[in-house]
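This report concerns aromatic rings and nonpolar cores. Please examine the sequence and the structure before reading on.

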Amino acid sequence: MKDDKVMIKSNSYNIKSLFKHWLIQLHYKYSQNKRSVILATHIAEIIKSDFNCTHKIHILDFGCGDMYVAKCIHEIIPSTNWTGTDVRENWDKKDLGFEYVKYENNKLPFSDNSFDIVLMNDVLHHIVDEEKALSVQECLRAGRALIIKDVFEKSFFKSIILILMDIIGNWAYNVKIPTHYFSKKSFFLFL
């Protein structure tokens, strides 16, 4: 009887693991890469308009994930020099292509103004409300400029769509799925 329970748990873990793997593949095939290129193009335009791209630009990608957006921006602006940080422990630096540092205890392991830019791309809504301000303060401390790109909830229906998209894009990586998103009003009140 004891062995049967272990077998059931083992099978359910394997099914969950296979489902997560399938979800990751689905996300990359239909969404991630295309979306990242679009985001990178827009963010690169912001960087080009505000920074001298003939000099090295040191950028911290806060909540970097797989750093694909950073890679795309780097292709557009080769003078960008990237460091990624995220709560995930098991990123392999070789796979990311850039330096990676784990983010822990609401503290970035960098001195003040270590970066020209800190990028928070679709990460703020994943941070629990009590820690959002701390994260932004740390990013402002570590960088001279901060670019925040996040999603806004415009209606109940759109909120459901955002949650589903976050499940598809993040749940398989064990990223916290938000229960609510910023409205434009709440975002600007937060800042």
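## Aromatic pairs

How many aromatic pairs does the count come to? In this predicted model, the count comes to four aromatic pairs. A pair of aromatic rings is described by the distance of the centres and the angle of the planes.

One of the pairs joins Phe110 and Phe115: the ring centres are 4.9 Å apart and the planes stand at 90°, so this pair is edge-to-face, since an angle over 60 degrees counts as such. Phe110 and Phe115 are both buried.

## A link between distant parts of the chain

The rings of Phe152 and Phe187 also form an edge-to-face pair, because their planes lie at 80°, with the centres 5.3 Å apart. These two residues are 35 residues apart and link distant parts of the chain. Phe152 belongs to the loop between strand S5 (143–149) and helix H5 (156–170), whereas Phe187 lies in helix H6 (residues 184–190).

Phe152 has a relative accessible area of 24% and is therefore partly exposed. Phe187, at 6% relative accessibility, counts as buried. Together with Phe182, Phe152 and Phe187 form one aromatic cluster.

## Nonpolar cores

The largest nonpolar core has 20 residues, of which Ile47, Ile59, Met67, Ile73, Trp82 and Leu119 touch the most other members. At least two residues of this core come from each of helix H1 (2–50), strand S1 (57–62), helix H2 (68–76) and strand S4 (115–121). Apart from neighbours within four places in sequence, Ile73 is in contact with Ala40, Ile43, Ala44, Ile47, Thr80, Trp82 and Leu119.

A second, separate core of 16 residues includes Leu60, Phe110, Val118 and Phe187.

Conventions
Residues are numbered from 1 along each chain as its sequence is written. This is a predicted model: local features need pLDDT of at least 70, side-chain atom pairs count only at pLDDT 80 or more; totals for chains, interfaces and linings use all residues. Side-chain values use heavy atoms; hydrogens and water are left out. Rings of Phe, Tyr and Trp (its six-membered ring) pair if their centres lie within 6.5 Å; planes under 30 degrees apart count as stacked, over 60 as edge-to-face and the rest as tilted. Buried means under 20% relative accessible area, exposed over 50%, partly exposed in between (1.4 Å probe, protein chains only). Helices (H or I, at least four residues) and strands (E, at least two) are DSSP runs, numbered from the N terminus. A nonpolar core is a set of buried Ala, Val, Leu, Ile, Met, Phe, Trp, Tyr and Cys residues joined through side-chain atoms within 4.5 Å. Contact means heavy atoms within 4.5 Å.
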